[in-house]
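Visitor: I would like to learn how to read a model like this one, feature by feature. Please show the sequence and structure, then start with a single residue.

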Amino acid sequence: MSRLVDLVPGPSKTYKKLFDHLSSHNIAFIEKPLLILSKDVVLETVENELYAEFSDFISVESAVTRIKRLFNDYVISKPEQIECIVPHLLDTEKTTAIENIRTLAEYLSEICNNAELETHLLNMSADRNHKHFLDICYALYDNDVLTEDVIIDWYNSDDAKEDHSDAVHMIEKLIVFFDEAETESDSE
C-alpha cells in the first residue's frame with residue numbers, strides 16, 4: 001500500500017479519482033485501504049499520535065524513536081514532518097517553546113537538513129507563534145537548527161515580507177546582531 005501512496009501522491013481528491021476509476025472497473029475490494037491511505041487521513045492520524053506522544057512525554061530518546069517510526073510508517077515527507085511537529089513544539093508560552101526547541105534540537109536539525117527545509121520551519125514558526133518569533137528564531141539558531149544565512153535570506157525575501165510582515169519586523173534585532181557579529185569578526 002505504501003507503494004500506492006508513492007504512485008499517487010497528493011490530496012484525498014486524487015485518491016478519490018483513483019478509487020472511482022477502480023470501482024468503474026469492478027475493483028471495489030480496494031476501497032477501504034485507499035480511504036485509509038488518503039494523505040489527509042494519514043496526516044490526521046499522525047497528528048493524533050503525535051499529540052499522544054507529546055502528552056505522555058517520558059524521555060527525549062524514546063520520543064524521538066517513536067516519532068521517527070511514526071513518520072516512517074506513514075511515509076511522511078520532511079516538510080510534512082515539520083508541519084506536524086511545529087504545533088507541538090511552539091507552545092503559546094515563550095519559555096515552553098524555547099525549552100521544547102532545546103530538548104528536540106538535534107532531531108529538528110536532522111529533519112531540517114537543507115536551506116529549503118529550514119525556510120519551511122521559519123515560515124511555520126512565523127505562522128504558529130509570531131508573538132515570540134524573535135525568541136524562537138534565536139533559540140533555533142542558538143541550538144544549530146537554523147543557520148544565519150537562512151535566517152538572513154528569509155528576512156530579505158519578498159515572500160516573508162508579504163506573508164509574515166510582523167514576524168519579519170520582529171527579527172530585525174536578530175539581523176542587527178548578525179551584522180554586528182560579522183563586523184566584529186572582520187575587524188579582528
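Visitor: Where is Glu80 found?

Guide: Helices (H or I, at least four residues) and strands (E, at least two) are DSSP runs, numbered from the N terminus. Glu80 is in helix H6, residues 78-89. This is a predicted model: local features need pLDDT of at least 70, side-chain atom pairs count only at pLDDT 80 or more, and totals for chains, interfaces and linings use all residues. Residues are numbered from 1 along each chain as its sequence is written, and side-chain values use heavy atoms, with hydrogens and water left out.

Visitor: Is Glu80 buried or exposed?

Guide: Buried means under 20% relative accessible area, exposed over 50%, and partly exposed in between (1.4 Å probe, protein chains only). Glu80 has 16% relative accessibility, so Glu80 counts as buried.

Visitor: What is Glu80 in contact with?

Guide: Contact means heavy atoms within 4.5 Å. Leaving aside neighbours within four places in sequence, Glu80 is in contact with Lys39, Leu43 and Val75. For polar atoms there is a separate rule: a polar contact is a pair of N or O atoms within 3.5 Å; within protein, one must be able to donate a hydrogen and the other to accept it, and residues adjacent in sequence count only if both atoms are side-chain atoms. A polar atom of the Glu80 side chain lies 3.1 Å from the backbone nitrogen of Ser77.

Visitor: Which side chain does Glu53 make a polar contact with?

Guide: The partner is the side chain of Arg66, at 3.0 Å. Glu53 is in helix H4 and is buried, because its relative accessibility is 8%. Not counting residues up to four places away in sequence, Glu53 touches Ser62, Ala63, Arg66 and Ile67. Glu44 also lies in helix H4, which covers residues 39-55, but Glu44 counts as exposed at 53% relative accessibility.

Visitor: What should helix H9 span?

Guide: The expected span of a helix is 1.5 Å times one less than its number of residues. H9 (residues 115-128) has 14 residues and should therefore span 20 Å; the end C-alpha atoms are 20 Å apart, which agrees. Asn114 caps the N-terminal end of H9, with a side-chain oxygen 3.0 Å from the backbone nitrogen of Glu116.

Visitor: Which residues in H9 are buried?

Guide: An α-helix has 3.6 residues a turn, so residues three or four places apart point the same way. In H9, the buried residues are Leu117, Glu118, His120, Leu121, Leu122, Met124, Ser125 and Ala126. They pack against H6, helix H8 (105-111), helix H10 (133-142), helix H11 (148-156) and helix H13 (165-170).

Visitor: Which residues touch the most other members of the largest nonpolar core?

Guide: A nonpolar core is a set of buried Ala, Val, Leu, Ile, Met, Phe, Trp, Tyr and Cys residues joined through side-chain atoms within 4.5 Å. The largest has 47 residues, and Phe71, Ile85 and Trp154 touch the most other members. Residues up to four places away in sequence aside, Trp154 touches Thr119, Leu122, Phe133 and Ile171, among others.

Visitor: How many helices and strands are in the protein as a whole?

Guide: The protein has 14 helices and 0 strands. Of its 188 residues, 37% count as buried.
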